[in-house]
Amino acid sequence: MRFPSVPGRDTDGQRVKLPDDFEGDQTLVVISFHARQQSLVDSWRGFANDLEDEYDHFSYYELFVSGSRSGMLPPTATGGLSPANARRKLHDRTVLVPVDKSAFRRRLGLLGEQTIYAFLIEDGEVVRQAAGVLTPKTAEALESLLAEWSHAQSRWSELGGETADSDD
């Protein structure tokens with residue numbers, strides 16, 4: 001399944017187009033729909049940052065899907081003036097995505113907004129997904145996928161980028 005092409009803004013206010021602007025050959029995207037889900041998102045952050053330190057080809061983003069079609073976000077979605085937002089700073093890898101939530105969920109096959117979702121993206125394609133808080137089993141599986149990818153790329157480089165069945 002292809003990750004939907006959507007516009008967004010990073011925490012500096014710069015426009016981004018996803019998934020085109022994702023850095024990394026493998027990118028973990030954690031998607032939330034409500035500010036109250038931040039603690040679920042936070043469960044992924046430390047682990048994802050550790051993976052970014054360990055794997056050069058990996059990147060991590062948090063997407064906050066606001067549901068606004070106008071492209072303008074309410075002040076509370078961007079950090080605004082509410083007391084809760086005054087205490088909470090957005091992570092520097094957060095992208096605010098003002099799109100039709102229903103259409104976005106349909107494109108990704110998501111059943112609802114009651115929890116968060118994590119997607120591993122390669123070349124714009126979803127290769128794995130999970131829902132909810134990070135579990136040890138999910139963390140182990142994700143790290144295994146990243147290690148396998150890294151190992152395969154190393155072997156590919158050792159072979160000079162040629163396939164095994166190439167006779168040229």
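**Close-up views of a predicted model**

**View 1. S6 and S7 form a hairpin, with two residues between the strands.** Asp123, in the turn, has a positive phi of about 50°, although Asp123 is not a glycine. This residue lies in the loop between S6 and S7. Asp123 is exposed, with a relative accessible area of 70%. (Buried means under 20% relative accessible area, exposed over 50%, and partly exposed in between, with a 1.4 Å probe and protein chains only.) S6 (residues 117-122) and S7 (residues 125-131) run antiparallel and are joined by six bridges. Tyr117 stands opposite Ala131 in S7. Helices (H or I, at least four residues) and strands (E, at least two) are DSSP runs, numbered from the N terminus. Two strands pair if DSSP finds at least two bridges between them.

The model is predicted: local features need pLDDT of at least 70, side-chain atom pairs count only at pLDDT 80 or more, and totals for chains, interfaces and linings use all residues. Residues are numbered from 1 along each chain as its sequence is written, and side-chain values use heavy atoms, with hydrogens and water left out.

**View 2. Seven strands make an open sheet with mixed pairing.** The strand order is S2-S1-S5-S4-S3-S6-S7. S2 (15-18) and S7 stand at the edges with a single partner strand each, so one side of each lacks a neighbour in the sheet. On average, neighbouring strands are turned by 30° against each other, direction ignored. (Axes are lines fitted to C-alpha atoms, for helices over the stretch in contact; angles run from 0 to 180 degrees between N-to-C directions.) Within the sheet, S4 (residues 58-65) and S5 (residues 94-97) pair in the parallel sense over four bridges. Phe64 stands opposite Leu96 in S5.

**View 3. Helix H1 lies across S3, S4, S6 and S7.** H1 covers residues 38-54, and S3 covers 26-32. The helix runs at about 165° to S4.

**View 4. Phe119 of strand S6 is buried, at 0% relative accessible area.** (Contact means heavy atoms within 4.5 Å.) Phe119 and Leu28 are 91 residues apart in sequence but 5.7 Å apart in space, C-alpha to C-alpha.

**View 5. Thr27, in strand S3, is buried at 1% relative accessibility.** A polar atom of its side chain lies 2.9 Å from the backbone oxygen of Glu23. The Thr27 side chain also makes a polar contact with the side chain of Ser59 (3.1 Å). (A polar contact is a pair of N or O atoms within 3.5 Å; within protein, one must be able to donate a hydrogen and the other to accept it, and residues adjacent in sequence count only if both atoms are side-chain atoms.) Not counting residues up to four places away in sequence, Thr27 touches Phe22, Ser59, Tyr61, Phe119, Leu120 and Ile121.

**View 6. Helix H3 (residues 101-108) has buried residues Lys101, Phe104, Arg105 and Leu108.** They cover an arc of only 95° around the axis, which puts them on the same side of H3. (The arc is that of the directions from the helix axis to the C-beta atoms.) Their cover includes S1 (6-10), S3, S4, S6 and S7. Asp100 caps the N-terminal end of H3, with a side-chain oxygen 3.0 Å from the backbone nitrogen of Ser102. Just after H3, Gly109 takes a positive phi of about 70°.

**View 7. A cis peptide bond joins Leu18 and Pro19.** Omega is about 5°. Pro19 lies in the loop between S2 and S3.
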